[in-house]
Amino acid sequence: MEVVICKDYDEMSRRAAYLLTAEIVQNPKAVLGLATGDTPKKMYETLVDIYKKGDLDFSKVTTFNLDEYVGLSAEHEQSYAAYMKQMLMSHINIKPENVHILNGCSETPEEECALFEEKIVQAGGIDIQVLGLGHNGHIGFNEPDSQFELKTRIVQLDDRTIEANKRFFDKKSDVPTHALSMGIQTIMEAKKIILIASGASKAEAVSKLVNGNIDSMHPASILKVHKDVTVLIDKEAASKL
Ligand code: GLP
């Protein structure tokens, strides 16, 4: 695991965008695993800027998103489908059929998750997966005590996650209690992984990731055994290392 401490959020975002850019330039048919949340916003803005300058082509790129809230349709403004459209997809020349985001309103969520896994396999696997980091060490929506060998499935959200994400909703009770999420095994099968974390509130989770043992109570800790992980953090997130 390579840990890169960046001067600030902007530098962290630029570096993450450059790693994705390099991947797409080397392999125009790259399969990207993408994350949502506040942390990757500037990374997406940077990617869109690079695209608008004419230096990136998404026409053969395929994407798979980590997760989606159960019960929110793609039209709901807090759905991750809406987030991806707003932050990236509506600005670039990606083919809509190459964008894969779990349907949180599926009436058959298990089938939805199994089909998602099949599509990842058909695409040749994820070349590079972007991850954020939950305050409780979650990756995707794999909460503490998730088994490491699970694939995409329906999960119940931890109260700490609901608390952290209530800022996007009118009130806490509006935050969905469940989500569909890639499993830790799905994430670990990606050929490369970039984890990004910014700000003092992530310092504890970053410290457990970098200095702690592998522990299912801190799901991100399993990344230590992946052969190609880059952890990009700003100074605040690195403050407890
Ligand atoms: C959310 C998402 C994760 C994200 C994490 C951190 O709950 N499911 O994919 O990485 O929490 O979010 P943020 O970047 O807003 O701190």
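How many residues has helix H2, and what distance does H2 reach from its first C-alpha to its last? The views below are of a predicted model, in which local features need pLDDT of at least 70, side-chain atom pairs count only at pLDDT 80 or more, and totals for chains, interfaces and linings use all residues. Residues are numbered from 1 along each chain as its sequence is written, and side-chain values use heavy atoms, with hydrogens and water left out.

**View A. Span of helix H2 (residues 41–52).** H2 has 12 residues and reaches 17 Å from its first C-alpha to its last, close to the 16 Å expected at 1.5 Å a residue; the expected span is 1.5 Å times one less than the number of residues. Helices (H or I, at least four residues) and strands (E, at least two) are DSSP runs, numbered from the N terminus. Just after H2, Gly54 takes a positive phi of about 90°.

**View B. Buried residues of H2.** Met43, Tyr44, Thr46, Leu47, Val48 and Ile50 are buried, that is, under 20% relative accessible area (1.4 Å probe, protein chains only). The buried residues of H2 pack against H1, strand S2 (31–34), helix H3 (80–87), strand S6 (128–131) and strand S9 (192–197). Contact means heavy atoms within 4.5 Å.

**View C. Thr21 in helix H1 (residues 9–26).** Thr21 is buried, at 11% relative accessible area. Not counting residues up to four places away in sequence, Thr21 touches Leu47, Ile50 and Leu56.

**View D. Thr62 in strand S3 (residues 62–65).** Thr62 is buried, with a relative accessible area of 12%. Residues up to four places away in sequence aside, Thr62 touches Ala30, Val31, Leu32, Asn98, His100 and Ala123.

Conventions:
Buried means under 20% relative accessible area, exposed over 50%, partly exposed in between (1.4 Å probe, protein chains only).
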